[in-house]
Amino acid sequence: QPAMSGWILDERGRVRRHINVFVNGEYGTSETPVGPDDRIDVLPAISGGWSG
Amino acid sequence: MTELLVGTRKGLFVLEGEPGSSFDVTTRAFEGEPVEYVMRDSRTGRLLASVTSAFYGPKIWCADDASSDWRQAEGVALPDGGDAALERIWVIVAAEDDRTLYAGGDPGVLFESRDGGESWRLNRSLWEHPTRPDWQAGGGGLCLHSIVPWPGDPNRLALAISAVGVWLTDDGGVTWRHGNQGLVPRYMPDESHEDTIDLCVHDLHRAPKRPERMFMQFHGGVYRSDDAGESWTDIGAGLPSDFGFPMVVDPGDPDSAYVIPLRSDGDRVTAEGRVKVYETRDAGARWAERGDGLPQQDAYLTILRQAFDRAGEGSALELYFGATSGDLFGSGDAGATWFTAAGHLPPVYSVRVSP
């Protein structure tokens, strides 16, 4: 189970580049409001398999 | 039996074998993950690996055995709430005491561990250096890739950052000064050579038996220092190309160095399809070509800066290097002859011989 701090978020508090966040099945951003009844999925993006 | 710790784009590989014949892969860890660097701490036997997850960022992991559970080290991050994030850890080196380790990373940062690698803290004086806003990254990022202790003196270190040159400390990293005199960045305008700190050091080594003697592979230049890194002399004249990434020294001979020339900074492959290692035994006055057993036709290989290492010394010196082609080569006779240790690995990022 990846931790929030250091795994999903970097030191700037941003969601890492190749992590996608979905709110109730819809793609979300850091601006997407969430409430206590919302479902949040955090998934590795398909873009992240190669890091150069 | 020689054990090689190989970091690749698709995981960590442990290989074992005897010089002269192919090595066997005995363990694979971090499958599918970019493993930048792996080392075994000779003081504890512990393995430490730098893994840069494309999803979850850079981490250092510790294990007592490559096939056992790996533990995530703590503290490998920049300060929270700032405007920078740690990109990757390039190197992990044991210090000259019982337990301290150093790790270097991007963006030009140094971490220290006082507990054998379980936890780390950022070296603040380097992180907060007043010139940092002017630091320029090299092509591989702003990477602190070389950490060079002074045998027997834990307080003296030399660092190399691409592309901010050589940094020296005599007080264990409380204060830092440059060691750049004599370096010529041919990639910059002539008028800027004297004052610039845009110095792209690729690799840095010290001769253990004469610690004030150092060797450097630069971005267009091979250099020697005889004053512990304060000033440098160009020794690349005898090489077919003075561009390359890694180098190795024979710890038994302070006049020795080995480099693997690449064609140029615009074409970072072995020149003319031939893989050659060059050796000096007179501190760079002359270089001898060593390629017996290495591919000499249609072989355009790139060897990255952490992908060349050695074991032993003198006539028993073993040398190993890996390429981004997945080839891994070795020599059991100080470079006189070479063999293929492995031929079909993922792109090799680093090679360390287990002590």
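A search of the whole structure finds 16 aromatic pairs over all chains. Rings of Phe, Tyr and Trp (its six-membered ring) pair if their centres lie within 6.5 Å; planes under 30 degrees apart count as stacked, over 60 as edge-to-face and the rest as tilted. This is a predicted model, where local features need pLDDT of at least 70 and side-chain atom pairs count only at pLDDT 80 or more, while totals for chains, interfaces and linings use all residues. Residues are numbered from 1 along each chain as its sequence is written, chains are lettered from A and ligands numbered from 1 in the order in which they are written, and side-chain values use heavy atoms, with hydrogens and water left out.

**Aromatic pairs**

- The rings of Phe243(B) and Phe245(B) have centres 5.5 Å apart and planes at 80°, so this pair is edge-to-face.
- Phe243(B) is buried at 3% relative accessibility, and Phe245(B) is buried at 7%. Buried means under 20% relative accessible area, exposed over 50%, and partly exposed in between (1.4 Å probe, protein chains only).
- Tyr320(B) and Phe339(B) also pair edge-to-face, with ring centres 6.4 Å apart and planes at 85°.
- That pair links distant parts of the chain, 19 residues apart: Tyr320(B) is in strand β25 (residues 318-322) of chain B and Phe339(B) in strand β27 (residues 339-342) of chain B. Strands (E, at least two residues) and helices (H or I, at least four) are DSSP runs, numbered from the N terminus.
- Both Tyr320(B) and Phe339(B) are buried.
- Ring pairs join Trp7(A), Phe30(B), Phe55(B), Tyr56(B), Trp61(B) and Trp70(B) into a cluster.

**Charges over rings**

- The charged end of Lys59(B) sits over the ring of Trp7(A), 5.0 Å from its centre. The cut-offs are NZ of Lys or CZ of Arg within 6 Å of the ring centre and within 35 degrees of the ring normal.
- Arg305(B) lies over the face of Trp90(B), at 5.1 Å from the ring centre.

**Glu279(B)**

- Glu279(B) belongs to strand β22 (residues 277-280) of chain B. Glu279(B) is buried, at 7% relative accessibility.

**Cysteines**

- The count is zero disulfides over all chains, a disulfide being a pair of cysteine sulfur atoms within 2.5 Å.
- The sulfur of Cys143(B) is 7.2 Å from the closest cysteine sulfur, in Cys200(B), too far for a bond.
- Cys143(B) is buried at 0% relative accessibility. Cys62(B) is buried at 0% relative accessibility.
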